[in-house]
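Below is a colleague's note, in numbered points, to be read next to the coordinates.

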Amino acid sequence: MARKQSSDISELSSPTGEGGGLALGPEFRLTKQRREVFEVLTGQRDHPTATEVFVRVKERVPGISLATVYNCLETLTQSGLVRQVNLDRAPSRYCPNLNDHAHFHCEACGTISDIDIRDAAALTEALDTAPGSVTHRTEIALRGLCPSCAAVPKALQN
Ligand SMILES: [Zn+2]
Ligand SMILES: [Zn+2]
């Protein structure tokens, strides 16, 4: 049986008409609610918190509850379709970009943007991990000023 590869993600975000969800392997079905949550995440890739996702999904599915949105986000994260991003002690944010990437957090405007990692092998090489350790995933967050905030003279910030 042919398993869906992660490169098929883009077709998941297109509407597929009515009736059941998309099958994503034997144990995971993309139900309507999960699909709405997923589409909200892919539609505006600004790393929203669960509450922000809730507000956006509510416009499409008025009856949905925050608890359901949390459940959908958890399932999507566990199934590997969405990545949970934790920065400092702030609420988790959600990112549908499954490519290896780092996050840039602007301390002035609060935006979080994706940074592509050009050479993942070189990055792994640059990190002096303990011999024998096994890395499951790498999370890199950079903090500073985004280009537009960095262009504002310091006296005008805040
Ligand atoms: Zn900024
Ligand atoms: Zn991201």
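How many residues does the largest nonpolar core have, and which of them have the most contacts inside it?

1. Core. The model is predicted. Its largest nonpolar core has 14 residues. Those with the most contacts inside this core are V37, L41, V53, V69, L73, L76 and V82. At least two residues of the core come from each of α2, α3 (50–60) and α4.

2. V82. V82 is one of the core residues with the most contacts. When neighbours within four places in sequence are left aside, V82 is in contact with F38, L41, L73, L76, T77, Y94, C95 and P96. Among these partners, L41, L73 and L76 are also on the list of core residues with the most contacts.

3. Helix packing. Helix α2 covers residues 32–43 and helix α4 residues 66–78. The two pack at an angle of about 80 degrees, and their axes are 9 Å apart. The angle makes α2 roughly perpendicular to α4. On the α2 side the contact is made by Q33, R34, V37 and F38. On the α4 side the residues are T68, V69, C72, L73, T75 and L76. Sorted by class, this contact has 6 nonpolar, 3 polar and 1 charged residues.

4. Overall make-up. The protein chain has 6 helices and 7 strands. Along the sequence the pattern reads α-β-β-α-α-α-β-β-β-β-α-β-α. Of the 158 residues in the protein chain, 14% are buried. Among contacts with a separation of 6 or more, 49% are between residues 24 or more positions apart.

5. Sheet. Three strands form an open sheet in the order β6-β5-β7, and the pairing is mixed.

6. β5 (residues 101–106) runs parallel to β7 and is joined to β7 by 4 bridges. In this part of the sheet, H105 stands opposite R143 in β7. β5 and β6 run antiparallel, with 5 bridges between them. Here A102 stands opposite I115 in β6. β5 and β6 also form a hairpin with 5 residues between them. In the turn of this hairpin, G110 has a positive phi of about 80 degrees.

7. Backbone points to check. Most residues other than glycine have a negative phi. H47 is not a glycine, yet its phi is positive, at about 60 degrees. D88, also a residue other than glycine, has a positive phi near 50 degrees. H47 is found in the loop between α2 and α3, whereas D88 is found in the loop between β3 (83–85) and β4 (93–95).

8. Surroundings of these two residues. Are H47 and D88 buried or exposed? H47 counts as buried because it has 22 C-beta neighbours inside 10 Å, and the cut-off for burial is 20 or more. D88 has 7 other C-beta atoms within 10 Å and is therefore exposed, the limit for that class being 12 or fewer.

Terms used. Residues are numbered from 1 along each chain as its sequence is written. Chains are lettered from A and ligands numbered from 1 in the order in which they are written. This is a predicted model: local features need pLDDT of at least 70, side-chain atom pairs count only at pLDDT 80 or more; totals for chains, interfaces and linings use all residues. Axes are lines fitted to C-alpha atoms, for helices over the stretch in contact, and angles run from 0 to 180 degrees between N-to-C directions. Angles under 35 degrees count as roughly parallel, over 145 as roughly antiparallel, 65 to 115 as roughly perpendicular and the rest as oblique. Two residues are in contact if their C-beta atoms, placed from the backbone, lie within 7 Å. Ala, Val, Leu, Ile, Met, Phe, Trp, Tyr, Cys and Pro count as nonpolar, Asp, Glu, Lys and Arg as charged, and the others, Gly among them, as polar. A nonpolar core is a set of buried Ala, Val, Leu, Ile, Met, Phe, Trp, Tyr and Cys residues joined through C-beta atoms within 7 Å. Two strands pair if DSSP finds at least two bridges between them.
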